[in-house]
2 protein chains.
Amino acid sequence: MTLWHDSLVLEPKGSGHFKAEISDAWNSGSQPNGGYLAALALNAMSLNTPFPDAVASSAFYLSAATVGEADIEVKELRVGRTTASYEASITQGKLRTRVTATFAELGSTSNGIEFKSDLPPTLSPREECVRFPHKLESGVPLRISEHVEMLINPNTDVENAQMLQTAWWRFADGADPDGLSAVLAVDSFIPVVFALGVGTWCPTLELSTHLRARPAPGWLRVQRRTRLLSQGFFEEDASVWDSNDVLVMQSRQLAKMGV
Amino acid sequence: MTLWHDSLVLEPKGSGHFKAEISDAWNSGSQPNGGYLAALALNAMSLNTPFPDAVASSAFYLSAATVGEADIEVKELRVGRTTASYEASITQGKLRTRVTATFAELGSTSNGIEFKSDLPPTLSPREECVRFPHKLESGVPLRISEHVEMLINPNTDVENAQMLQTAWWRFADGADPDGLSAVLAVDSFIPVVFALGVGTWCPTLELSTHLRARPAPGWLRVQRRTRLLSQGFFEEDASVWDSNDVLVMQSRQLAKMGV
């Protein structure tokens, strides 16, 4: 059992409820990682769906989850011939996170027509990249960097000016990535706009992830970008490519500027 | 009363339920517009929230809605000091659309730090643009084009190659745009990948919209782009600028290739 899969274990309690133990392994500061929370909810949905891939998911973060026990309740919204949709609520006394998702089977409905316009980003060799720190300058610990190797492309003027960052990403214990770990990958980093002084904790309101392909074994490459920080909010888009140069995930989150 | 606001009228039925009359005015083919359905749900939420702006919204399309009567049920997920979140279910016997959204007040938490990297697209003058058709080549009527003026930037090789399209957009009756009409605007057009022969009806699984500013009166400019069509699915991102060159909305949808 890898640490990631161990962190996703769910104990069925009946009537669509599961007991989960929210791990501190993926924390930034004292906060459980938002991508990890979404992956927990998607994992609970996946236990009873006829389709393997969480192609579309949207997580709303309603109150700050804490490390430790949580209840996850899954409700079926619709099960159709080619897709199935669910909602999941992560609760710790209070509702923490609400996730809605649609599952399907990638590739099953393709008629062979394909189009891709984005090439994977060109990254410096891993030995020239900058290791994601174990803590912020403020001293806030980033425990996730003990369990994920994140190697940031050395900053270029272009990337800095565009509020764009690219990085290599893999589990430190050698586990291969799957669709759920891509949801962790897009939310593993510090927001690129932290460089502008937006605060040290910017709560995510919503995170949507679209799984476009199942990742091949090996390193992922994650590119993140913010186009607009305004009126107290900013978005962050992430794209994830696998070791075969396939775009496996697109995500977008809206976050509130820290105070 | 403008046609748009007339289309959003809700009759309170108690216990969070509203009766809606889904208009055919925004149809593409026989299908009610997905952005319009999301706007109906957001409008129902807005009647009882303390915050004016639906900053983050995600709509899952579960079964095909039809023109005519529908029930919309709103449930409160959390009301906090600066944000409030709700879910809304649009039902016609069967659950049609589930929308989750967080409301806030744009600008209320800003500390003045701003960043923007995307300039509004350069569009040809409106008299040189191509009017969105009243029907598809296949004969499918696009009733929305009777009620919205959509003027497509004449195709350039660059835009075609990038599966990108930009257009002017405004209500035909002269109504000024608001946050809800931006949700209609992002979903008003034919998917840009239709040119590749993906089918004539590509159902949207999920549409997420982030309202970044309240639109100023006047024309909107909408830019839409698909980066990946693969394994039977494609995404479409849209950005909307108002007449003051402000980016007012970012949206993303995942759709299934038609059969």
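A residue is called buried if 20 or more other C-beta atoms, placed from the backbone, lie within 10 Å of its own, exposed if 12 or fewer do, and partly exposed in between. With that term in hand, helix α5 of chain A, residues 179–186, can be described as mostly covered, since eight of its eight residues are buried. This is a predicted model, in which local features need pLDDT of at least 70 and side-chain atom pairs count only at pLDDT 80 or more, while totals for chains, interfaces and linings use all residues. Residues are numbered from 1 along each chain as its sequence is written, and chains are lettered from A and ligands numbered from 1 in the order in which they are written.

**Buried parts**

- Leaving aside residues up to four places away in sequence, Ala41(A) touches Ala59(A), Ile72(A), Ala88(A), Ile90(A), Thr97(A) and Val99(A), where contact means that the C-beta atoms, placed from the backbone, lie within 7 Å.

**How the two chains are related**

- When the copies are superposed by least squares on the C-alpha atoms of residues with pLDDT of at least 70 in both, chain A can be laid on chain B with an RMSD of 0.0 Å by a turn of 180° and a shift of 0.0 Å along the axis.
- The two copies are therefore related as by a two-fold rotation axis.
- Of the residues of chain A, Ser58(A) comes closest to this rotation axis, with its C-alpha at 3.4 Å.

**Where the chains meet**

- The contact takes 54 residues from chain A and 54 residues from chain B, and on the side of chain A that touches chain B, β15(A) gives the most, with five residues.
- Two bridges join β13(A) to strand β7 of chain B, residues 115–116, and the two strands run antiparallel; strands count as paired if DSSP finds at least two bridges between them.
- Within β7(B), Lys116(B) is the bridge partner of Leu228(A).

Terms used:
Two residues are in contact if their C-beta atoms, placed from the backbone, lie within 7 Å. Helices (H or I, at least four residues) and strands (E, at least two) are DSSP runs, numbered from the N terminus.
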